[in-house]
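Notebook open, model loaded. I'm jotting down what I look up as I go.

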Amino acid sequence: MLKNKFFKQSLSLGILSLSLLMPVGVLAQADRPVDKPQEIVDNIDQPVSLYLQGDYFCSFPNQEEAETFEEKLRTYYQAKDKEVLSIEVDFDQELEIKKGGRKNYLSADQALEALMEGGQRLAYTILEKDQTLEDLAQLYQMTPEEVLDLNPHLDPQELLSQGQVIQVYEAVPMVKAQVQETFREEVLIPFERIQTEDPNLPIGQSRIVQEGQNGIKEITSKRLRIGDQVLSQYVLSERITQEANQEIVAIGTKETLATGSFINPTTGYLSSPFGPRWGRFHYGIDIANGVGTPILAADGGKVIRAEYAGSYGNLIVIDHGNGYESRYAHCSAFDVSVGQEVSQGQTIGRMGSTGRSTGSHLHFEVRDHGTALNPLNFVSY
C-alpha cells in the first residue's frame with residue numbers, strides 16, 4: 001500500500017488514487033499529450049497501472065515501483081532550496097493507480113518524465129541564430145512537417161534567420177499542481193555599522209575597533225504556489241539563532257598639516273627612476289638640477305630628521321602624520337630643523353650633491369609605514 005498522505009486506498013474498487021482538494025478544471029491543462037517511449041523494466045511481478053483523468057497512462061512492473069514513482073512525484077514539487085516541513089500537492093486532474101497492467105512497463109523515472117514532459121502547448125520562439133528547419137524541429141521534438149503545419153509561410157528549402165518568430169509546440173507537464181507547503185529557512189541579519197571619533201587618529205584615517213558579524217534568523221513560513229509562481233505567503237514564526245554584532249569604526253579627528261596628496265618637491269628632470277639599479281634597489285627617484293635649487297615639502301607634516309646620514313648625505317625626513325613620510329637626500333643646505341612643522345610647498349632645503357652622489361640632484365622617497373613606494377605614483381616628472 002502507498003504510504004504517502006497524498007494517496008488513499010479505495011477498498012470498494014481495490015485501487016489507489018491521488019486525493020484531490022481542488023476541482024478539475026481549476027488549472028489549465030496541457031494542450032495535447034504526446035507519446036513517450038516506453039522501455040521494458042525487469043521483474044514484472046504483480047503490475048499496477050497509472051490512469052490520468054480515467055485514461056490509461058502507463059504501467060509499472062510492481063507495487064514497489066509505483067511507490068517509488070509516488071515519492072519522486074512528491075519530491076518533484078518540493079522546494080529544493082528550503083527545509084520543507086510539510087507539503088500538500090493538489091492536481092488539476094485525477095491520478096489513479098489500479099491493480100493490473102499492460103506490457104511495456106515504465107520505471108518510476110520514465111513515468112515521471114512522461115508526466116512532466118508529455119504534454120505540448122503552442123508557443124512562439126525567437127530564433128537566436130540562423131538554423132535549418134530540421135534543427136529547429138529536432139530542438140522542440142517535432143517533425144519538420146509539424147513545424148510547417150504551424151508556419152505555412154515558411155519555405156522548407158530556405159535557412160531560418162536569426163530574430164525570426166516561429167510558432168512551435170513546447171513540452172509541458174500533462175498535469176499542473178497547486179502546492180501548499182510549510183518551510184523553514186535561515187535569513188541573514190545584516191550587522192549595523194556605527195562610527196566613533198578618535199582624537200588621536202589623523203583626519204582622513206579610520207580603523208576598525210570591532211569586526212561586524214551578521215546574525216541569523218530562522219523563519220517558518222507557509223505559502224501557496226503553482227510551480228514557481230507564489231500565490232500567497234505568510235510568516236508563521238521567527239526566531240533569532242545568532243545575534244548580529246555591530247561593526248565599530250573609529251574615524252580620525254586629529255588635525256594635521258598633511259593634505260593627503262603630494263606635490264613635486266622640486267624642479268628639474270628625472271635622472272634615475274625607482275627600482276633596481278647598478279645591482280642594488282633604488283628606493284626613490286632622482287631629480288637633477290643645479291646646486292641650490294629649492295626643495296619643497298611634498299606635503300605638510302613634522303620634520304623628524306634633518307642631519308647628515310651616510311650615503312644619503314644631508315637628509316630631511318618629514319612625518320606626515322597619516323602613515324606616510326617623505327625623504328629628501330643629498331641636500332646642500334637645511335632650511336628647517338627637527339620638530340618643526342611645515343606646510344605643503346614650504347621650502348625645506350636646497351639641492352646639492354652630498355653623500356654618495358655623482359652630481360647635483362634630489363633623491364626623493366615616499367614611504368608608507370616604512371615601506372618604500374614608487375614616488376611616481378604620487379608625483380610626476
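I started with strands E10 (residues 177-189) and E13 (residues 215-226): twelve bridges join them, and they run antiparallel. Strands here are DSSP runs of at least two residues, numbered from the N terminus, and two strands pair if DSSP finds at least two bridges between them. I found Glu181 standing opposite Arg223 in E13.

The model is predicted, so I noted that local features need pLDDT of at least 70 and side-chain atom pairs 80 or more, while totals for chains, interfaces and linings use all residues. Residues count from 1 along each chain as its sequence is written, and side-chain values use heavy atoms, leaving out hydrogens and water.

Next I looked up the whole sheet. It is open, with four strands in the order E6-E10-E13-E14 and antiparallel pairing. E6 (83-91) and E14 (229-242) are at the edges with a single partner strand each, so one side of each has no neighbour in the sheet.

Then I went through the aromatic rings. Rings of Phe, Tyr and Trp (its six-membered ring) pair if their centres lie within 6.5 Å; planes under 30 degrees apart are stacked, over 60 edge-to-face, the rest tilted. That rule gives ten aromatic pairs. For Tyr51 and Tyr56 I got centres 5.7 Å apart and planes at 80°, so this pair is edge-to-face.

How covered are they? Under 20% relative accessible area is buried, over 50% exposed, in between partly exposed (1.4 Å probe, protein chains only). Tyr51 is buried at 17%, and Tyr56 is partly exposed at 24%.
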